[in-house]
Amino acid sequence: MIEIAHGIVGRSDLPIPEWLFGWAAAVVLVVSFVALAVLWPEPKLSRASFRPLPGLSRVLHSPPVDLLCGLAGVLLLVLTVYAGFEGSQTPTANFAPTFVYVIFWLGLVGLSVLLGNVFKAFNPWRALGRAVSWIARTAARAPMPAPLSYPERLGHWPAAAGIFLFAALELASSDGDTPQTLAIAALVYSVIQFVGMALYGVEEWTERGDGFSVYFALFARISPWGTRDGVIGLRPPLAGLADFRPLAGTVPLLAVMIGSVTFDGAAEAPIWTGMAPDISDFFQTLGLSPEKALELTFLVGLIAAIAIVYGFYTLGVRGAQSVGGGFTTRELSRAFVASLVPIAFAYVAAHYFTLLLYQGQAILTLSSNPFGFLASNPLGEVGTDIFGTADRSIDYGVIGATSAWYWMVGFVVVGHVAALTLAHDKALTIYSDVKLAVRSQYWMLAVMVGFTSLALWLLSQANQ
Amino acid sequence: MSKAGRWGLIALAVVVVVAAFLIARPGDDDGDSGNQAASTATQTSPTATAPSAPKPPPDGPSATAIELKDHEPVDGVVDVDARKGDPVRIVVRSDVADEIHIHGYDISREAAPGKPARFQFDATIEGVFEIESHEAEHAGKDALIARLVVEPS
């Protein structure tokens, strides 16, 4: 067995025990049937209240805060790239891999769900884009409209592609955790963002085309913190998703989000560890080197997982379409896609909870010594201890395996309930007939139960 | 359904779910954990099954032996099973000089022909931890030689 993914950590979770798996699966069924019986007959989330907080909004949107957050984001990007090129190439010793894969990619998901769209303020590409456009406008003393208007057909497709490539780098590339690879990837991604912003405008591109912006903004819609007419305020949790307007490519984006976590989980399961060597051998007979064959194998697995998630959702939508109401598959597919966001969150939270909790601690050490050099070595490279935390080690006692299991199962069950609630609410808004709405929900219920059972199964298959 | 009926159904569902959890959850020493302990003992740390026996000598039958040939495990990647709190003994023999590292516990030991790397520690952290050959890692090869699996006690 060859470990590719998460080469930065040498620890992984124990599979959840059989009894907990059985219990959680039973809970999912009980919850689903109770939901059918008790959920409200009128849409509620779509007409949810919004309490604006103008005072808080003024402070958070004030130019100094805006500038400081943007600057912090840019500095972190620069540090990641610089440490990636100049620092130690041992993934665990260098700041870049842990910062990118753990703090940024996982930590920001949790932060978005709790506090709303935090990334928008710290987004380094948006900050640089706004700075450049401000300079250009000031120099020209005239407004500078974007040369092109963002095409409707493009929608979330660039974002879906961006997240897919990032997942492929993390899960399929054999040197995806190498600091230098990450630095190059960050630069390439930055260039693409600048081109996108130059063509379509900073905000227009960032909201639709920048994969990370779209990714974190989707999770932020779960949170009670939102913005309406430019003012920050509070709303019921999930209400942000009820208002969400899907674009072209949103459904594939969600399939990438759920499918990539699915693949990461399944890659530890016997179903994949048994199959992968055969596929890899096949690619070798086609003349690929063992390393390339293995990378291609994992890429095929990743694509297959995404395709399965997409196919399963589409199947449920076709079922819902069959109950009547005169909707096209595409209309229904987009209508219900927001209910996949809590599912995607449940997948990420359950699968990466302990990675964030344990490896996340390493950032204390790494921020004191971002290049990861030892105190001194023959090449004259000198380690640093900026915050006095360079010698800290990871405390694996913060949570035991049993508590971790309960948290993981908790995330999955709560995600399931949230998804059902959203789908139900959406059905009530789009179907004129309540009976039709409920009948369409048998199909969506089947989809949600399917995704949730898959999540539980993945947790029970870890490291088998 | 009336509002009271709805809340009643939700309350009933919560009661059922909580009761099922309490029934399903294994106690400290019921059959399930006993079985797992027995299967554990087949692979490692028989000290747990024979607490009255005198301490076996290091490198005795109680230690999990791993043999490396050219930095690769002869018997494939095995799991070294333990329960939290159990003593763990691992002996790694290598036909070439190597350094063996246990992740999480962060213990490294040198191994050389005729001088195996000996590990002896208590399994204090739950989870699955990789045991790696540093030489294989430096050579860019698959470094995993075994996994330490520590279940909750």
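The model is a predicted one. The cut-off behind "buried" is 20 or more other C-beta atoms within 10 Å of a residue's own.

Strand 5 of chain B has a partner in strand 6 (residues 107-111) of chain B; the two run antiparallel and share 5 bridges. Asp98(B) has Ala111(B) as its bridge partner in strand 6. These two strands make a hairpin, with 4 residues between them. In the turn, Gly104(B) shows a positive phi of about 80 degrees. Strand 5 of chain B is also joined to strand 8 of chain B, antiparallel, by 3 bridges. Here Ile100(B) stands opposite Ser133(B).

## Where the chains meet

Strand 8 of chain B leads on to the other chain. It pairs with strand 1 (residues 11-12) of chain A in the antiparallel sense, over 2 bridges. Arg11(A) faces Phe129(B) across this pairing.

The contact between the chains takes in 26 residues of chain B and 24 residues of chain A. On the chain B side, two or more residues come from each of helix 1 (3-24), strand 8 (127-133) and strand 9 (144-151). Helix 1 of chain B has the largest share, with 9 residues. By class, the chain B side holds 16 nonpolar, 3 polar and 7 charged residues.

## A four-stranded sheet in chain B

Chain B also holds an open sheet of 4 strands, in the order 2-1-4-7, with mixed pairing. Strand 2 (72-73) and strand 7 (117-122) of chain B are at the edges; each has a single partner strand, so one side of each lacks a neighbour in the sheet.

Strand 4 of chain B, residues 87-94, pairs with strand 7 of chain B through 6 bridges, in the antiparallel sense. One pair across these strands is Ile90(B) and Phe119(B).

## Two domains in chain A

Chain A is split into two domains. Domain 1 is made of segments 1-48, 252-361 and 398-464, while domain 2 covers 49-235. Their C-alpha centres lie 25 Å apart. Domain 1 of chain A brings 27 residues to the contact between them, and domain 2 of chain A brings 32 residues.

On the domain 1 side, helix 12 (250-266), helix 14 (290-322) and helix 16 (340-359) of chain A each supply at least two residues. Helix 16 of chain A gives the most, with 8 residues. This side of domain 1 has 20 nonpolar, 4 polar and 3 charged residues.

## A three-stranded sheet in chain A

An open, antiparallel sheet of 3 strands has the order 2-4-3 in chain A. Strand 2 (51-52) and strand 3 (225-228) of chain A take the edge positions; each has a single partner strand, so one side of each is left without a neighbour in the sheet.

Strand 3 of chain A and strand 4 (residues 231-234) of chain A run antiparallel, joined by 4 bridges. Arg228(A) is opposite Val231(A) in this pairing.

## Nonpolar cores

The largest nonpolar core has 119 residues. Those with the most contacts inside this core are Ala24(A), Ile163(A), Ile258(A), Ala344(A), Phe345(A), Val412(A) and Ala455(A). Helix 18 (residues 401-430) of chain A provides the largest share, 14 residues. Domain 1 and domain 2 of chain A each put at least three residues into this core.

Leaving aside residues up to four places away in sequence, Ala344(A) touches Leu254(A), Met257(A) and Ile258(A). A second, separate core has 26 residues; among them are Ala82(B), Ile90(B), Tyr105(B) and Ala123(B). Ile90(B) is also the bridge partner of Phe119(B) in strand 7 of chain B.

How values were computed. Residues are numbered from 1 along each chain as its sequence is written. Chains are lettered from A and ligands numbered from 1 in the order in which they are written. This is a predicted model: local features need pLDDT of at least 70, side-chain atom pairs count only at pLDDT 80 or more; totals for chains, interfaces and linings use all residues. Domain bounds come from an automatic or database domain assignment. Two residues are in contact if their C-beta atoms, placed from the backbone, lie within 7 Å. Ala, Val, Leu, Ile, Met, Phe, Trp, Tyr, Cys and Pro count as nonpolar, Asp, Glu, Lys and Arg as charged, and the others, Gly among them, as polar. Two strands pair if DSSP finds at least two bridges between them. A nonpolar core is a set of buried Ala, Val, Leu, Ile, Met, Phe, Trp, Tyr and Cys residues joined through C-beta atoms within 7 Å. A residue is buried if 20 or more other C-beta atoms lie within 10 Å of its own, exposed if 12 or fewer, and partly exposed in between; C-beta atoms are placed from the backbone.
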